[in-house]
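I opened my notebook to see how this chain is put together. Here is what I looked up, in the order I went through it.

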Amino acid sequence: MDFSEEDLSRIIEMAWEDRTPFEAIKQQFGLGEPQLIGLMRRSLKPSSFKSWRKRVSARKTKHQKLRPIEVSRGYCPTQYKQR
């Protein structure tokens, strides 16, 4: 798939966010987890990709079915601060 620079930036941002599940990225951009991993591998430096994989592999919030019941939204209240 070809994405605009803006969409690619948003996909990478969503992938890095702890509370944004892979399912939300699939719903919005049509990328399943394997496709997202490939996109991240191509888009990030190798060290950044390894850091991202380590981070998301340890997060239950990245998979909708594994989320604790109290995690009901896609972002933390302090994530989008007023400027």
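This is a predicted model: local features need pLDDT of at least 70, side-chain atom pairs count only at pLDDT 80 or more; totals for chains, interfaces and linings use all residues.

I began with the secondary structure and found 4 helices and 0 strands in the chain. Reading along the sequence, I noted the pattern α-α-α-α.

Next I checked burial: of the 83 residues in the chain, 30% are buried. The chain exposes about 6,100 Å², and I noted that carbon and sulfur atoms supply 50% of that area.

Then I turned to contacts along the sequence. Taking those between residues at least 6 apart, I found that 60% join residues at least 24 apart.

Which residues touch the most other members of the largest nonpolar core? I found Ile11, Ile25, Leu36, Met40 and Trp52, out of 16 residues in that core. Helices H1 (5-16), H2 (22-29), H3 (33-43) and H4 (46-57) each give two or more residues to this core.

I stopped at Leu36 for a while. Setting aside neighbours within four places in sequence, Leu36 is in contact with Ile11, Ala15, Phe22, Ile25, Leu31 and Trp52.

My last entry is on H3 and H4. Their axes come within 9 Å and cross at roughly 150°. Angles over 145 degrees count as roughly antiparallel, so I wrote H3 and H4 down as roughly antiparallel to each other. On the H3 side I listed Glu33, Leu36, Ile37, Met40 and Arg41, which meet Phe49, Trp52 and Arg53 in H4. By class, this contact has 5 nonpolar, no polar and 3 charged residues.

Note on methods: Residues are numbered from 1 along each chain as its sequence is written. Side-chain values use heavy atoms; hydrogens and water are left out. A nonpolar core is a set of buried Ala, Val, Leu, Ile, Met, Phe, Trp, Tyr and Cys residues joined through side-chain atoms within 4.5 Å. Buried means under 20% relative accessible area, exposed over 50%, partly exposed in between (1.4 Å probe, protein chains only). Contact means heavy atoms within 4.5 Å. Accessible areas come from the Shrake-Rupley method with a 1.4 Å probe; for residues, only the protein chains shown count as cover. Axes are lines fitted to C-alpha atoms, for helices over the stretch in contact, and angles run from 0 to 180 degrees between N-to-C directions. Angles under 35 degrees count as roughly parallel, over 145 as roughly antiparallel, 65 to 115 as roughly perpendicular and the rest as oblique. Ala, Val, Leu, Ile, Met, Phe, Trp, Tyr, Cys and Pro count as nonpolar, Asp, Glu, Lys and Arg as charged, and the others, Gly among them, as polar.
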